[in-house]
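Subject: Structure for you to look at

Dear colleague,

Please find the structure below, and have it open while you read the notes that follow it.

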Amino acid sequence: MRKAFLSLVLIAALGPALRSAKAPAPVYVTLWFDTEDYLLPQDDDATKRLAEMLSRLGVPATFKIVGEKARVLERRRRSDVIAALKRHDIGYHSNTHSQQPTIAVYLQNAGWEDGRAEFKRREQPGVDDIKRIFGVTPIAYGQPGSAWAPQTYPALRDMGIKIYLDEADQVGLDDQPFYYGGMLNIFRMRSTLVRMALNGGSSLTEGQAAFDKVHAALTARGGGTVSIYYHPNEWVQSEFWDAVNFRRGANPPPGEWKPPRMRPAAETEQAFADFEQFVRFIKAKDGVRFVTATELGKLYADRALGRDFSRADLLTIARAVQKDFDFLKGDAYALSGADMFALLTDAAAAVVEARTFPAALRLTTVDGPAQPFVLSTGQLRSSAFSWDAFGSAVRDTAAFCRVHGRMPDEIWVGAENLSPVEYLATLGDVVEQFLTTGKVPVSVDRTSSRITTERYVAEDSPKLWGWIIFPEGFHAPRVMELARLQAWTLKPALLDR
Ligand SMILES: [Zn+2]
């Protein structure tokens with residue numbers, strides 16, 4: 001009896017420890033390198049050495065490569081560097097990086113569609129060169145410096161690039177991966193971003209302590225992702241290759257490009273030694289796994305896609321959009337405001353057509369509006385619409401989404417326009433009535449609510465655009481206005497467990 005009692009006490013005491021020893025919260029570490037210096041040949045060697053070191057350690061990384069860097073490797077006949085890189089994930093880091101005008105500068109006055117086309121016109125050649133030289137479509141993209149812009153997202157999707165992998169402050173969600181612009185983003189990771197300094201001395205111990213702190217925080221949250229980034233040139237240069245040449249809007253011709261100052265060889269060796277120890281330290285942690293961008297795409301796959309939405313799901317969505325909302329987060333999937341807009345519109349369009357919900361309702365993702373809402377002129381401002389008028393607007397909206405792949409800026413009910421959120425709240429009321437009574441209302445009441453995802457988008461200010469390559473005082477209010485409109489597409493990325 002006494003013995004049995006003791007065993008029970010032991011099991012009770014050890015239970016949680018045994019369980020956590022069995023399955024620690026998964027912490028994924030994504031290590032990425034902006035591979036960009038096309039001036040110094042020493043950067044080619046540093047790149048190769050890093051890629052080979054990581055292969056030897058069994059650590060897959062993502063190398064985001066500048067188009068011009070890829071061409072330079074080809075011209076210098078560095079097939080050895082290319083081969084070493086090909087053992088990792090290949091990403092894209094713009095065509096010419098810091099040559100003026102940089103991406104946010106040339107998109108500062110652009111709209112949605114023209115900005116998308118312009119980014120594609122300028123960047124497609126770099127993607128094509130990466131494909132030709134590395135034999136793969138880059139899996140991820142990240143902007144040079146903080147030269148971010150929302151129009152890049154649809155253009156990147158057009159070019160077959162699936163993941164946004166970088167770090168800056170324009171948009172983010174709880175310092176973890178999220179969906180925005182129809183892509184998985186590992187961006188604005190802030191508290192879950194770790195960088196060990198490459199300065200020798202206490203760099204390694206401080207880097208290890210910084211990793212442990214983030215690891216503990218993510219474990220307490222039940223797991224998550226750590227982002228770690230470097231540039232191969234950091235191992236060999238004491239100043240950045242582009243700051244030397246393109247600082248504050250400078251744009252010298254190639255003949256006048258100056259090489260950056262080099263680090264002493266001993267410093268470079270120490271930085272490589274410390275980095276190897278840092279990577280080994282992380283790899284040895286229980287429950288920690290290094291993952292590439294490709295693996296993140298699978299771990300954080302959008303499980304709202306391919307799902308059959310039931311009437312119960314639709315009712316939840318219809319109710320959610322009648323109050324202030326940002327996104328809908330369940331255990332299995334998450335929906336952005338744009339997702340809910342598309343689902344309710346498609347469901348209601350089917351009701352208009354056939355008086356019944358579609359048997360299997362699937363999500364077709366759409367981008368946010370392209371312009372802020374402007375109320376139509378004239379005296380009309382109805383508090384209710386006939387079902388015929390509203391149902392016709394629903395069908396029209398479904399057609400618009402199919403044709404343009406985005407939400408409309410305004411929804412016309414006869415000669416009156418509704419803002420997208422006003423339309424969605426009104427539609428939520430209609431769908432709820434249909435689902436609970438089996439009938440569409442004779443008269444549709446104008447309903448209002450608010451989408452609050454703009455709070456995840458930064459305010460425009462010169463500080464947000466602090467990259468040394470931008471002209472002094474540069475800022476981009478139009479870019480951030482479009483960023484807020486695209487916040488319709490924001491939602492958390494849920495880890496597949
Ligand atoms: Zn860069």
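A crossover is called right-handed if, with the strands pointing away from the viewer, the path from the first strand over the helix to the second runs clockwise. Helices (H or I, at least four residues) and strands (E, at least two) are DSSP runs, numbered from the N terminus. This is a predicted model, in which local features need pLDDT of at least 70 and side-chain atom pairs count only at pLDDT 80 or more, while totals for chains, interfaces and linings use all residues. Residues are numbered from 1 along each chain as its sequence is written, and side-chain values use heavy atoms, with hydrogens and water left out.

I begin with strand β1. Together with helix α2 (residues 41-57) and β2, β1 makes a right-handed β-α-β unit. Strand β1 covers residues 27-35, and nine of its nine residues are buried, where buried means under 20% relative accessible area with a 1.4 Å probe and protein chains only. In a regular strand the side chains alternate between the two faces of the sheet. In β1, Val27, Val29, Leu31, Phe33 and Thr35 point one way, whereas Tyr28, Thr30, Trp32 and Asp34 point the other way.

Which strands does β1 pair with? Two strands pair if DSSP finds at least two bridges between them. Seven bridges join β1 to strand β8 (residues 224-230), and the two run parallel; here Val27 stands opposite Gly224. β1 also pairs in the parallel sense with strand β2 (residues 62-65), over four bridges, and Trp32 stands opposite Thr62 there. Three bridges join β1 to strand β9 (residues 288-290), again in parallel, with Arg289 as the bridge partner of Tyr28.

Next come the cavities. A cavity is a set of points, on a 1 Å grid over the protein atoms alone, where a 1.4 Å probe fits but cannot get out, and its lining residues have an atom within 4 Å of a point. Grid points are joined across faces, edges and corners, and a volume is the space filled by probe spheres set on the points. The structure holds two cavities of 30 Å³ or more. The largest has a volume of about 60 Å³, and of the 13 residues that line it, the closest to its centre are Ala301, Asp302, Arg303, Ala334 and Leu494.

Best wishes

Definitions and conventions: On a 1 Å grid over the protein atoms alone, a cavity is a set of points where a 1.4 Å probe fits but cannot get out, and a pocket is an open set with protein on both sides within 12 Å along at least five of seven lines; lining residues have an atom within 4 Å of a point. Buried means under 20% relative accessible area, exposed over 50%, partly exposed in between (1.4 Å probe, protein chains only).
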